[in-house]
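Colleague: Hi! Could you walk me through this one?
Modeller: Happy to, here it is.

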Amino acid sequence: QVQVVESGGGLVQPGGSLRLSCEASGNIFSIYSMGWYRQAPGNQRELVAKSITDGNLNYGDSVKGRFTISRDNAKNTVYLEMKNLKPEDTAVYYCNVDGISIASLPFASWGQGTQVTVSA
């Protein structure tokens, strides 16, 4: 079993910054990708940013140039640095981790989500 825990959400004014963290733990043999998704009320869950172990980074179009994803592989942790936040960035942010378990089985685990609210 793999646990994923996010932290760092909160309330911020437009133009402000926040940093989200996500740590994976448990029966992990290897991690293929770690990423962030978000879901606003009435909307589908969408990709924010994803880091693949081979070094590839993917960003959603609406966050390019404002958000930066990074990883600490030694700590099984992924970060999302968010700058110049806009009200439309308001959503619950979820961390997703894909990999192989110690039992040699693939896993795709989600965190419980952390709320980010951008408002004056």
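Modeller: A definition to start with: a salt bridge here is a side-chain nitrogen of Lys or Arg within 4 Å of a carboxyl oxygen of Asp or Glu. Please keep in mind that this is a predicted model.

Colleague: Thanks. How many salt bridges does a search of the whole structure find?
Modeller: The search turns up five salt bridges.

Colleague: Let's take R38. How far apart are the closest N and O atoms in its salt bridge with E46?
Modeller: They are 2.7 Å apart.

Colleague: And is R38 buried or exposed?
Modeller: R38 counts as buried, because its relative accessibility is 5% and the cut-off for buried is under 20%. E46, on the other hand, is partly exposed, at 35% relative accessible area.

Colleague: Which side chain meets R38 in a salt bridge at 2.9 Å?
Modeller: That one is D89, with the 2.9 Å taken from N to O. D89 sits in the loop between β8 (77-82) and β9, while R38 belongs to strand β4 (residues 28-39), so this pair ties together parts that are 51 residues apart in sequence.

Colleague: Nice. Is D89 buried or exposed?
Modeller: D89 is buried, with a relative accessible area of 1%.

Colleague: Which residues do salt bridges with shared partners join into one network?
Modeller: R38, E46, R66 and D89 are joined that way.

Colleague: What about K64, which partner does it have in a salt bridge?
Modeller: K64 pairs with D61, and their closest N and O atoms are 3.1 Å apart. D61 is exposed, at 66% relative accessible area.

Colleague: Back to β4, then. How many bridges join β4 to β9?
Modeller: There are 10 bridges, and the two strands run antiparallel. As an example, I28 has S101 in β9 as its bridge partner.

Colleague: And how is β4 joined to β5?
Modeller: Through six bridges, again antiparallel, with β5 covering residues 46-52.

Colleague: Which residue takes a positive phi in the hairpin of β4 and β5?
Modeller: G42 does, with phi near 80°, and the hairpin has six residues between the strands.

Colleague: Changing topic: what order do the strands have in the open sheet of four?
Modeller: The order is β1-β3-β8-β7, and the pairing is antiparallel. β1 (2-7) and β7 (67-72) stand at the edges with a single partner strand each, so one side of each has no neighbour in the sheet. On average, neighbouring strands of this sheet are turned by 15° against each other, direction ignored.

Colleague: Over how many bridges do β1 and β3 pair?
Modeller: They pair over six bridges in the antiparallel sense, with β3 spanning residues 18-26. Q3 stands opposite S25 in β3.

Colleague: Remind me, what do strands of a sheet pair through?
Modeller: Strands pair through backbone hydrogen bonds, in either a parallel or an antiparallel sense.

Colleague: Last one, the surface. Which residues form a nonpolar patch there?
Modeller: F29, I100 and I102 form that patch, with about 320 Å² of accessible area together. I100 is found in strand β9 (residues 91-101). Its relative accessible area is 31%, so I100 is partly exposed.

Notes. Residues are numbered from 1 along each chain as its sequence is written. This is a predicted model: local features need pLDDT of at least 70, side-chain atom pairs count only at pLDDT 80 or more; totals for chains, interfaces and linings use all residues. Side-chain values use heavy atoms; hydrogens and water are left out. Patches are made of residues with over 30% relative accessible area and no salt bridge: like charges are joined within 9 Å, nonpolar side chains (Val, Leu, Ile, Met, Phe, Trp, Tyr) within 5 Å. Accessible areas come from the Shrake-Rupley method with a 1.4 Å probe; for residues, only the protein chains shown count as cover. Buried means under 20% relative accessible area, exposed over 50%, partly exposed in between (1.4 Å probe, protein chains only). Two strands pair if DSSP finds at least two bridges between them. Axes are lines fitted to C-alpha atoms, for helices over the stretch in contact, and angles run from 0 to 180 degrees between N-to-C directions.
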